[in-house]
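My entries follow in the order in which I made them.

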Amino acid sequence: MAKMERRKKRRDRTAQTPFQEAREIGLVYLSRRARSAHEVAQRLKQKEFSEEVIVEVLSELGRLRFVDDRAYARRWIEARIDKAAGARKLSQDLRRKGIAVDVIDELLSEYSAQLENPDRAVDLLRKQAWRYRSLEREKAQRRMLGFLARRGYDAKTAWESVEHVWKEIEKDEV
């Protein structure tokens, strides 16, 4: 029974225009989770659709508001703002997803107060303090700085946070 249904679907698909088939693939791809226009375009390129069809499908999906890079980036940032990530890391992730740099900059400036809050970095380091207690000062600070840098914190915030947490470690307050 399942084989017959698959064959019927395949026959139905061949009766579709490339635009209709690409739009259907795009909608199925978007039904799993929200995606950027770049991600949808990559998926359609992978399925070997022409550039014209991809542009047409993205235009249609944008018109229907299934693809909206600004809203996607906003949700992406909001979902990760309370987690361990700084502005630089979020920017890199969004660029990798094909979001325009001006959109990223605009949204990150909206959330800059929350992202540049040194308390977030201090809390992160406090959770990791057990790793640094037995190390020499320079080695521990270097590792803490690397830890925060990989999470996208700027140098100033990272240094302030490392100094703060190291003082706590020395006083055995953490």
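**Entry 1: the model.** I note at the outset that I am working with a predicted model.

**Entry 2: salt bridges in total.** I looked up how many salt bridges the structure holds, and the number is 12.

**Entry 3: Arg-33 and Glu-39.** The side chains of these two residues form a salt bridge, with an N to O distance of 3.6 Å. Is Glu-39 buried or exposed? Glu-39 has a relative accessible area of 12%, and it counts as buried because that value is under 20%. Arg-33, by contrast, is partly exposed, its relative accessible area being 37%.

**Entry 4: Arg-63 and Glu-60.** Here I found a salt bridge of 3.0 Å, again from N to O. Both residues belong to helix 4, which covers residues 51-63. They stand three residues apart, so about one helical turn separates them. I also looked up their accessibility: Arg-63 is exposed at 57%, whereas Glu-60 is buried at 18%.

**Entry 5: Arg-70 and Glu-106.** The side chains of this pair meet in a salt bridge at 2.9 Å, N to O. Which helices hold the two residues? Arg-70 lies in helix 5 (residues 69-80) and Glu-106 in helix 7 (residues 101-110).

**Entry 6: helix 9 and helix 11.** I turned next to the helix pair. Two packed helices are described by the angle between their axes and the distance between the axes. The axes of helix 9 (residues 118-132) and helix 11 (residues 155-170) come within 9 Å and cross at roughly 45°. The two helices are therefore oblique to each other. Their crossing is right-handed.

**Entry 7: the contact.** I then looked up the residues that make this contact. Helix 9 contributes several, among them Pro-118, Leu-125 and Tyr-132. Those from helix 11 include Thr-157, Val-165, Trp-166 and Ile-169. What classes of residue does the contact have? I recorded 10 nonpolar, three polar and three charged residues.

How values were computed
Residues numbered from 1 in each chain as written. Predicted model: local features only at pLDDT ≥ 70, side-chain atom pairs only at ≥ 80, totals over all residues. Heavy atoms only, no water. Salt bridge = Lys/Arg side-chain N within 4 Å of Asp/Glu carboxyl O. Buried < 20%, exposed > 50% of the residue type's maximum accessible area, 1.4 Å probe, protein only. Helix = DSSP H or I, 4+ residues; strand = E, 2+ residues; numbered from the N terminus. Axes fitted to C-alpha atoms, helices over the stretch in contact; angles between N-to-C directions. Parallel < 35°, antiparallel > 145°, perpendicular 65-115°, else oblique. Left-handed = near helix turned anticlockwise from the far one by under 90°. Contact = heavy atoms within 4.5 Å. Nonpolar A, V, L, I, M, F, W, Y, C, P; charged D, E, K, R; others polar.
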